[in-house]
Amino acid sequence: MPIHNKDIAAKFSEIADLLEIDNANEFRVRAYRNAARTIDAMGQDVSALMEAGEDLTQIQGIGDELAKKIESIVTTGTVKALEDLRKKLPPGITDILKLPGLGPKKVKVLYQELKVKSLEDLEVAAKAGKVSALPGMGKKTEEQILKNITARIDAGLRFLRANVVPSAEALLGHLRGIEKEAPMTLCGSYRRMRDTVGDLDILVASESPQPLMDAFVSYDEVDEILANGSTKSSVRLRSGLQVDLRVVKEESYGAAMHYFTGSQAHNIAVRRRAQEMGFKVNEYGVFKGEAYVAGAAEEEVFETLGLAYIEPELREDRGEIASAQARALPGLVSEGDIRGDLHLHSTASDGRNSIREMAEAAKARGYAYLAVTDHSKRLTIANGLDEKRLRAQMEEIDTVNSEMKGFTVLKGSEVDIMDDGSLDLPDEILRDLDVVIGSVHHKFKLGIEEQTMRVMKAMDNPYFCILGHPTGRLLLSREPYEIDIPRIIEHAAQRGCCLEINGNPQRLDLHEIYARAAIQQGVMISVNTDAHSVEQLDLMQHGIGQARRAWIETKHVLNTRSLKDLRKTLAVIRS
Ligand code: DGT
Ligand code: CA
Ligand code: CA
Ligand code: ZN
C-alpha cells in the first residue's frame with residue numbers, strides 16, 4: 001500500500017493537534033501544521049520523490065527533522081513522535097478531535113478546564129451546561145456537541161448489548177480456565193443492562209494477575225493488543241469490540257466492581273456523598289483518611305455510605321441514591337416474575353414455528369400462557385392474516401388448548417395501525433380476540449402531530465390493549481419515528497391501555513426513560529419478546545433489562561399476572 005500525501009498530512013495534523021492540546025511550543029505546532037498543508041497541496045507524491053532519491057528538505061518548510069519523520073511514515077506507516085503523544089494524552093482525546101466543529105483549541109480548553117478526556121466525559125459536561133460556560137463556546141456549540149456525540153454513537157462505535165453476550169461469556173470462560181476460584185465479573189454498561197455497549201469491562205480479584213493478563217492478551221479472538229500492563233490490559237477482538245481487563249486484590253473487589261460498573265454519573269454522585277460523610281471512595285475501597293474501611297464486597301460500599309444496595313440497572317444518577325438513603329428503592333421485576341408472553345408470531349404470518357411448538361416452548365419455560373399475535377393483512381410481506389384466516393387460526397387455538405394441560409394459548413393479533421388511525425381488522429373480529437396489539441409498520445415520516453394523533457386514535461378503539469414497539473426505533477440503524485410519547489403516555493393513562501417494552505434487542509422499545517414516565521402515570525407495561533421462533537422466547541431477558549432500568553416492579557407489568565388476573569385486567573382495558 002503506497003502512502004499518499006494525504007496520509008502523511010493527516011499524521012502531521014494530528015501531531016500538531018495533540019501538541020497544541022499538550023501545551024507545546026506554538027512554533028513547533030505551527031511547523032507541523034504548515035508542513036501538513038504543504039504536503040497536502042503538492043502535485044507529486046512525496047513517497048515517489050523519496051524512492052527516486054530526491055532530497056525532501058528541498059521542499060519548502062521541510063527541514064531535516066520533518067524529512068526524517070516523513071521517511072518514517074512512508075516506510076513504517078507511523079512515526080514515534082505521534083505514537084508518544086497518543087500515549088501521553090488520554091486516548092479519548094482523539095475521539096473528541098474527530099467531532100465536527102471541535103478543533104484543537106476547543107478540545108484543549110475542554111481538557112484543561114473541565115478535565116474532559118473522552119466522549120462520555122464530554123457528554124456529561126455538555127448535559128450539565130458546563131461547556132457553554134467556557135470562553136468561546138456558547139449554547140449553540142454545546143447543543144451541536146451533544147448532537148454530534150449521538151451521531152457518532154449511532155455511526156457504529158457501539159454494539160447491541162445482546163449481540164456481545166456470547167463473546168463476553170466465552171472470554172470470561174477462557175479466563176475462568178486460568179483461575180477457577182477467582183471472583184470474576186463483567187462490569188460497565190454491560191452489567192447495567194444498557195441497550196448498547198461501547199466496550200466490555202472485566203474485573204477479576206486475584207493475588208497473581210500475570211497468568212490472567214497473559215491468557216487475556218493471547219486469547220484466540222484478540223485482533224490487537226491496545227495496552228498490556230501488570231494489572232490492566234485492553235484488547236480489541238476480531239469483532240471490533242474492545243475489552244478492558246482489570247485485576248485487583250480481594251479486599252478491593254467490591255469497590256472496584258462498583259467503580260467499573262459505573263455509570264460515571266452515578267460514581268460521581270456516590271463520591272460526592274462519601275466526601276460529605278468524611279469518606280473517600282475509589283476503586284481500591286472506602287477510606288477514612290488513610291485507613292481502609294470497606295471494599296471487599298459491593299454491599300459493604302453502599303452500607304458504609306448509609307445506602308441500601310442499588311441494583312446495577314439503576315446506577316445512572318437518576319434519583320437512585322436518594323431512594324437508597326430513604327430505603328425506598330423499587331423491588332425490580334425479574335424474569336422469574338413473567339407468567340407469559342403476549343407478543344409473538346407463528347408460521348401463519350412470518351414466524352418459523354407453529355402455534356403448538358411456540359406453546360410447548362413457552363410452557364417449558366414455566367409460563368402459564370402466551371398470546372399468538374400474528375400480523376394483519378396490510379402487512380403482505382409478512383403474510384398478514386385477513387379476517388377469514390384469523391378465524392381459522394382461532395379455531396386452531398381452540399384445538400391446541402383442548403390438547404394442552406396447564407397452559408393457555410390466548411387469541412390475539414398484532415394489528416396494523418392504518419394511515420388514519422383505524423385498525424387493519426374490523427371490530428367484529430377484534431372483539432372476539434383476547435389480546436389486541438396495535439403497531440405502526442408504515443408511514444414513519446408523518447409529522448409529529450399527525451403521527452401522534454394517528455396512534456392516539458388507534459388507542460381509542462375499544463378492543464385495543466397494547467401499543468406495540470411504540471416509537472419504531474431500530475437501535476444503531478433506524479431513528480424512532482417522530483411521535484410525542486409524553487402525550488401518548490398521558491392518553492394511555494386516560495384510556496387505560498398498556499404500552500409495550502419490546503424485548504427484541506434491536507428495539508427495546510419503549511426506551512427506559514419513557515417506560516419510567518409511563519409507570520409514574522399509572523400506565524401498565526407489557527414486556528414481550530415479539531418472538532418469531534421458539535428460540536426467540538429467550539429475548540425476554542433483554543426486555544426485562546430495559547424494564548429494570550425503568551424502575552419497573554412486578555405490579556407494573558401486565559404479563560406478570562396470573563391468567564385469571566390477566567383476563568380480568570384485559571376485560572377492564574376493553575370495557
Ligand atoms: P460504555 O462502555 O460506553 O458502554 O459505558 P461504560 O459505562 O461501560 O463506560 P466505560 O467502559 O468507559 O467505563 C466503565 C466504568 O468505569 C464507567 O461506567 C465508570 C467508570 N469510569 C471510567 N472512567 C471514569 C472516569 O473518568 N471517572 C469516573 N468517575 N468513572 C469512570
Ligand atoms: Ca464499558
Ligand atoms: Ca471500558
Ligand atoms: Zn411489529
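Arg 327 sits in the loop between helix 16 (320–325) and strand 11 (340–341). The model is predicted. Arg 327 is not a glycine, yet its phi is positive, about 55°.

Two cis peptide bonds deserve a look. One runs from Gly 262 to Ser 263, with omega near -5°. Ser 263 belongs to the loop between helix 13 and helix 14. Another cis bond links Asp 509 to Leu 510, with omega near 10°. Leu 510 is in the loop between strand 16 (498–502) and helix 22 (512–520).

## The shell around ligand 1

Ligand 1 has 17 residues around it. Those that come nearest are Arg 158, Ser 189, Gly 198, Asp 199 and Arg 271. By class, the shell holds three nonpolar, eight polar and six charged residues.

Which elements supply at least two residues each of this shell? They are helix 11 (188–191), strand 4 (199–205), helix 13 (253–261) and helix 14 (264–276).

## Polar contacts and burial of the ligand

An N or O atom in the side chain of Ser 189 is 2.5 Å from an oxygen atom of ligand 1. For the side chain of Arg 192, the distance from an N or O atom to a ligand 1 oxygen is 2.9 Å. Gly 198 uses its backbone: an N or O atom there lies 2.8 Å from an oxygen atom of ligand 1.

How much of ligand 1 does the protein bury? Taken alone, the ligand exposes 590 Å². The protein buries 79% of that area.

## Domains and their interface

The chain divides into domain 1 (5–155), domain 2 (160–325) and domain 3 (335–573). The C-alpha centres of domain 2 and domain 3 are 36 Å apart. Their contact takes 16 residues from domain 2 and 17 residues from domain 3.

About 1,400 Å² is buried between domain 2 and domain 3. Carbon and sulfur atoms give 58% of this area. Which residues of domain 2 lose the most area to domain 3? They are Leu 160, Asp 195 and Arg 318. Together these three account for 43% of what the domain 2 side buries.

Methods:
Residues are numbered from 1 along each chain as its sequence is written. Chains are lettered from A and ligands numbered from 1 in the order in which they are written. This is a predicted model: local features need pLDDT of at least 70, side-chain atom pairs count only at pLDDT 80 or more; totals for chains, interfaces and linings use all residues. Side-chain values use heavy atoms; hydrogens and water are left out. A residue is near a molecule or strand if one of its heavy atoms lies within 4 Å of it. A polar contact is a pair of N or O atoms within 3.5 Å; within protein, one must be able to donate a hydrogen and the other to accept it, and residues adjacent in sequence count only if both atoms are side-chain atoms. Accessible areas come from the Shrake-Rupley method with a 1.4 Å probe; for residues, only the protein chains shown count as cover. Helices (H or I, at least four residues) and strands (E, at least two) are DSSP runs, numbered from the N terminus. Ala, Val, Leu, Ile, Met, Phe, Trp, Tyr, Cys and Pro count as nonpolar, Asp, Glu, Lys and Arg as charged, and the others, Gly among them, as polar. Domain bounds come from an automatic or database domain assignment. Contact means heavy atoms within 4.5 Å. Buried area is the accessible area (1.4 Å probe) that two parts lose on being put together, summed over both.
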